[in-house]
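Student: I have a protein model open on my screen and would like to learn how to read it. Could we go through it together?

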Amino acid sequence: MLKENTAVVTGGSRGIGKAIAVKLAELGANVAVIATHDGEQARDTIKTIEDMGRKAGLYVCDISDIKAVNDAVSQIITDFGGVDILINNAGITKDKLLMQMTEDDISSVIDVNLKGCMYVTKACLRNFIRKRRGRIVNISSVVGLMGNAGQANYSASKAGIVGFTKSVAREYASKGITCNAIAPGFICTDMTGSMPKEAVEAMLDNIPCKRYGKPEEVAELAAFLVQDCASYITGEVIKIDGGMYI
Ligand code: NAP
């Protein structure tokens, strides 16, 4: 159980992040959600968590902006009294063949997905070290492990998260901090909802389980990794992909 714990979930306004935020609240955690918009979906996440009797707050912040990240994390620590769990989930795609990718397609995806994950982790570290306990879960992707045509920028950012996860795990294990990554396959969210229908259907041929994943299934895995029962697991990358990349 996660009573008295505070979790920070980046990209917790919708999709996988929302499912994780709600699952952690279900287990007793208070949740600070970081997202770029104070929109209907973000407000719905906050209300869902508050209706469960937990404290929740929305922090509008672009995680690729290090100053905005430092300010948001300081404010969260002031408002919640500390942080126990960090879920680095926010991410974007700008899919194209490498030949067609602009500089912005490359840098924006690396800035949000990889540098953003590093900035938020760095901002939370001093607080984890002081508590001598911390749980970090980074959302990578199977394409960070296997590569994918049309996603050179995204795959590189998600592969970077794997190296980052293993390095943080090694640096801070002795301080009671674990750092693991989850590598989802195809999960039904807004992100995959914007893909061409034919590409989505073709993907099913490569998934041995013959179905797409649900955000709630990723949330169950994240919830496992942040609990005390997982305190001897660190530096791991766990795939949840219906067998897409065996
Ligand atoms: P999604 O539905 O598109 O949601 C993305 C979330 O990230 C939103 O909450 C969004 O906030 C937030 N976000 C985007 N850019 C941000 C920024 N610069 N600063 C702060 N927050 C930002 O995505 P999803 O499908 O749930 O994916 C969540 C994570 O899982 C991503 O890292 C993605 O790469 C990874 N993943 C997804 C799949 C899949 O099949 N869906 C597979 C493998 C890995 P706003 O609501 O404010 O825009």
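**Reading the ligand site and the salt bridges**

Tutor: Happy to! Keep in mind that this is a predicted model. Let's begin with the ligand.

Student: How many residues surround the ligand, and which are the closest?

Tutor: The ligand is surrounded by 29 residues, and the closest are Ser13, Thr36, Asn89, Tyr154 and Thr189. By type, this shell divides into 13 nonpolar, 12 polar and 4 charged residues.

Student: Which helices supply at least two residues of the shell?

Tutor: Helix H1 (15–26), helix H6 (152–172) and helix H7 (190–193) each do. H7 gives the most, with 3 residues.

Student: Now the salt bridges. What is the general idea?

Tutor: Side chains of opposite charge can pair when their charged atoms come close. In this model the count comes to 14 salt bridges. One of them joins Lys131 and Asp84, with N and O 2.9 Å apart. This pair links distant parts of the chain, 47 residues apart: Lys131 is in helix H4 (residues 103–131), while Asp84 is in the loop between helix H3 (66–80) and strand E4 (85–88).

Student: Is Asp84 buried or exposed?

Tutor: Asp84 has a relative accessible area of 10%, so it counts as buried, the cut-off being under 20%. Lys131, at 36%, is partly exposed.

Student: What separates Glu201 and Lys197 in helix H8?

Tutor: About one helical turn, because they are 4 residues apart in helix H8 (residues 197–204). Glu201 and Lys197 form a salt bridge, with their closest N and O atoms 3.4 Å apart. Lys197 is exposed at 60%, whereas Glu201 is partly exposed at 45%.

Student: Which residues are linked in a network of salt bridges?

Tutor: Look for Lys23, Glu26 and Glu220.

Student: And which residues make the nonpolar surface patch?

Tutor: Leu145, Met146 and Tyr245 make a patch of about 230 Å². Leu145 sits in helix H5 (residues 143–146), and its relative accessibility of 32% makes it partly exposed.

How values were computed:
Residues numbered from 1 in each chain as written. Predicted model: local features only at pLDDT ≥ 70, side-chain atom pairs only at ≥ 80, totals over all residues. Heavy atoms only, no water. Near = heavy atom within 4 Å. Nonpolar A, V, L, I, M, F, W, Y, C, P; charged D, E, K, R; others polar. Patch = residues over 30% accessible without salt bridge, like charges linked within 9 Å, V, L, I, M, F, W, Y side chains within 5 Å. Areas by Shrake-Rupley, 256 points an atom, 1.4 Å probe, with all protein chains shown as cover. Salt bridge = Lys/Arg side-chain N within 4 Å of Asp/Glu carboxyl O. Buried < 20%, exposed > 50% of the residue type's maximum accessible area, 1.4 Å probe, protein only.
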